[in-house]
Amino acid sequence: MSNEPREYPKTFETFKRQVNNAVARRIGCGIYDLPDSICWDDYWHEDCERDVDDFWNGVEAATEDVLVANGFELDPYPV
């Protein structure tokens, strides 16, 4: 069994799955449990398929915006 990270194709479906996983890790429910609150086209573009940094930057930005749009503002100074 290899310890190397698994490579996934950088498709729009994978992009949404990664955002869903990130949201679920943070609040315990995924994007399909929340109201539609962002326009995916604002985060996904053709460069995301070719550039791993664009892909993950889009995932991070979309995750943060989904959380904030649904009232889950992150506390930068947790107690």
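Helices, at least four residues in length, and strands, at least two, are taken as DSSP runs and numbered from the N terminus. The model treated in these exercises is a predicted one.

**Exercise 1.** Determine how many helices and strands the protein has, and in what order its elements run.

*Solution.* Counting the runs gives three helices and zero strands. Read from the N terminus on, the order is therefore α-α-α.

**Exercise 2.** Classify the pair formed by the rings of Phe12 and Phe15.

*Solution.* A search of the whole structure finds seven aromatic pairs. For Phe12 and Phe15, the ring centres are 6.4 Å apart and the planes stand at 20 degrees, so the pair is stacked, given that planes under 30 degrees apart count as such.

**Exercise 3.** Classify the pair of Phe15 and Phe55, and state which helices the pair ties together.

*Solution.* Begin with burial: Phe15 has 0% relative accessibility and counts as buried. The rings of Phe15 and Phe55 have centres 5.9 Å apart and planes at 80 degrees, so the pair is edge-to-face. Because Phe15 lies in helix α1 and Phe55 in helix α3, the pair ties together parts that are 40 residues apart in sequence. Phe55 is likewise buried, with a relative accessible area of 2%.

**Exercise 4.** Decide whether Thr63 is buried or exposed, and list its contacts beyond four places in sequence.

*Solution.* Thr63, found in helix α3 (residues 52–69), has 2% relative accessibility and therefore counts as buried. Once neighbours within four places in sequence are left aside, Thr63 is in contact with Val19, Ala22, Val23 and Arg26.

Conventions. Residues numbered from 1 in each chain as written. Predicted model: local features only at pLDDT ≥ 70, side-chain atom pairs only at ≥ 80, totals over all residues. Heavy atoms only, no water. Buried < 20%, exposed > 50% of the residue type's maximum accessible area, 1.4 Å probe, protein only. Contact = heavy atoms within 4.5 Å. Phe/Tyr/Trp six-rings, centres within 6.5 Å; stacked < 30°, edge-to-face > 60°.
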